[in-house]
Amino acid sequence: MTVQKDPIGVGIVGCGNISGAYFRGLRRFDGLRIAGCADLDQELARAAGERHGVPVFASAEELAAADGVDILVNLTPPLAHESVTRSLLGTGKHVFTEKPLTASFASAASLVAEARGKGVLFGSAPDTFLGSAGQTARAAVDDGLIGDVIGASAFVTHSKAELWHPDPTFLFTTGGGPALDMGPYYIAALVNLLGPIVSVSAMARIGSTVRPVSTPGRQVDTIDVTIPTHASATLGFANGAIGTVLMSFDVWDHELPFIELYGTEGTLSVPDPNNYDDTVRVRQHGEHAWRSLPPVIEGFTSRVDGADLPLRGPGVADLAAALTGEPFRTNADFALHVLEVLDAIANGTDGVAALTTTCDRPAPTKETWTS
Ligand SMILES: NC(=O)c1ccc[n+]([C@@H]2O[C@H](COP(=O)([O-])OP(=O)(O)OC[C@H]3O[C@@H](n4cnc5c(N)ncnc54)[C@H](O)[C@@H]3O)[C@@H](O)[C@H]2O)c1
């Protein structure tokens, strides 16, 4: 992905769990420079700044006002996304937010409308569809490897957070749930592959109403579940394909795939859309085995020096490249459309719901991650 010659300054707002992946990942782009970071928890910000060699600011507002900060990246929790993004957009800087865009479609829709009038770029994760797996699957579909796509399936299942997370309460209350937490990766991947969705029909329910937490050293013993944790949906795509979707924190064990596409000529097996670079496989009708497809672009995470640490950042680079006129793939209209679908899945629908948003299918990227 090409970013303009003078490095574009990026400010990180929120120095929690995922921030390390951004500090590490953004360094992979020569055209980006991390100009600073801030967190409500100043000690956390100080530690992150020290660890990653980045200037620390006393507040998001100070960071936003600093010279050399062009893009602000919102890495706060989902329930804070709306207010933090609104205040960052108010500074006149470009903003990229982690997923979900906000914790509800209604709040996101008003935010996107507000951003549109400001003349700045507003983008959102998920950006994993920009990785080699998403782009290889996209090329397979576009090249007709499986013929016309009739249907697709996607399965979000439980990460068993009660066994390893010290306090997974956020997953079982407003802003959490399988659809808003993991669903963005799956729906963004499907929209990248098949284009926009026009209708959703969904049923959702709370599964277990109380979740015991058994993590060693846990901060809570039980969680009272306040939002649906099991949803099943049918998606109607504008291109005629029909999607079958399960999003559940009540499915602990299973033998389901991540994403599959079913075409007139074969089946495409798409790996975990939470990752950039796993293997895409195809099995054309009559073939006796699955074939791994060679990646069409370089893997974003494959050149990491040494460690297997998570990386994030292509979406921010995508926004930066859009400043120079390149296609803006992770734009907020795309994320808003994904969120409208997820909102319908998360809460269930009264019959078949026609969606009010649409988006462009993101342009494929054939570029490498070197600049
Ligand atoms: N943790 C992951 O593995 C992961 C992976 C992908 C995406 N995400 C997304 O990234 C976002 C952050 O997740 P996380 O796990 O890092 O959360 P976290 O709770 O670990 O960190 C969030 C940080 O934001 C800070 N914060 C809250 N409000 C703020 C404000 N107004 N100004 C400045 N700082 C503020 C908090 O103090 C906290 O340190 C979420 O949207 C999540 O969905 C997380």
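Predicted model: local features only at pLDDT ≥ 70, side-chain atom pairs only at ≥ 80, totals over all residues.
Visitor: Let's start with Asn-74. Why is Asn-74 called buried?

Guide: Buried means under 20% relative accessible area. Asn-74 has 0% relative accessibility, so it counts as buried. You'll find Asn-74 in strand β3, residues 71-74.

Visitor: Which residues is Asn-74 in contact with, leaving aside its neighbours within four places in sequence?

Guide: Those are Val-13, His-81, Val-84, Thr-85, Leu-88, Phe-96, Thr-97 and Glu-98.

Visitor: And what makes the link between the side chains of Asn-74 and Thr-76 a polar contact?

Guide: A polar contact needs a pair of N or O atoms within 3.5 Å, with one able to donate a hydrogen and the other to accept it. The side chains of Asn-74 and Thr-76 are joined at 2.7 Å, so the pair is within the 3.5 Å cut-off.

Visitor: Okay, helix α10 next. How do you know whether α10 is enclosed by the rest of the structure?

Guide: Count the buried residues: 9 of the 9 in α10 (residues 314-322) are buried, so the helix is largely enclosed. Among them are Pro-314, Val-316, Asp-318 and Leu-319.

Visitor: What do the buried residues of α10 pack against?

Guide: They pack against β1 (8-13), α1 (19-26), β2 (32-38), β3, β4 (94-97) and β5 (122-124).

Visitor: What about the second largest cavity? How much space lies in it?

Guide: About 50 Å³. Helix α11 (residues 332-347) gives the most to its lining, with 4 residues. The lining residues include Lys-99, Pro-100, Ala-125 and Pro-126.

Visitor: Why does that lining have 1 charged residue?

Guide: Asp, Glu, Lys and Arg count as charged. Lys-99 is part of the lining, so it is counted as charged. The other residues divide into 9 nonpolar and 1 polar.

Visitor: What kind of peptide bond runs from Lys-99 to Pro-100?

Guide: That bond is cis, with omega near -10°. Pro-100 sits in the loop between β4 and α5 (105-116). The bond from Ala-125 to Pro-126 is cis as well, with omega near 5°, and Pro-126 is in the loop between β5 and α6. Most peptide bonds are trans.

Visitor: What is the phi of Lys-160?

Guide: Lys-160 has a positive phi of about 60°, although it is not a glycine. Most residues other than glycine have a negative phi. Lys-160 lies in the loop between β6 (149-156) and α7 (161-164).

Visitor: Why is Lys-160 called partly exposed?

Guide: Under 20% would be buried and over 50% would be exposed, with partly exposed in between. Lys-160 has a relative accessible area of 24%, so it is partly exposed.

Visitor: Is Thr-215 buried or exposed?

Guide: Buried, because its relative accessible area is 4%. Thr-215 is in the loop between β8 (210-212) and β9 (222-224). Its contacts beyond four places in sequence include Glu-162, Trp-164 and His-165.

Visitor: One more residue: why does Val-282 count as buried?

Guide: Its relative accessibility is 0%, so Val-282 counts as buried. Val-282 is in strand β14, residues 281-284. Val-282 and Gly-266 are 16 residues apart in sequence and 7.1 Å apart in space, C-alpha to C-alpha. Not counting residues up to four places away in sequence, Val-282 touches Leu-145, Thr-267 and Trp-290, among others.

Visitor: Finally, which residues does UniProt list for "domain: GFO/IDH/MocA-like oxidoreductase"?

Guide: The unreviewed UniProt entry lists residues 135-268. That span is 22% helix and 34% strand, and its end C-alpha atoms lie 13 Å apart.

Technical notes:
Residues numbered from 1 in each chain as written. Heavy atoms only, no water. UniProt positions renumbered as here; feature names shortened; annotations may be inferred. Helix = DSSP H or I, 4+ residues; strand = E, 2+ residues; numbered from the N terminus. Buried < 20%, exposed > 50% of the residue type's maximum accessible area, 1.4 Å probe, protein only. Contact = heavy atoms within 4.5 Å. 1 Å grid on protein atoms, 1.4 Å probe; cavity = no way out; pocket = protein on both sides within 12 Å on 5 of 7 lines; lining within 4 Å. Points joined across faces, edges and corners; volume = space filled by probe spheres on them.
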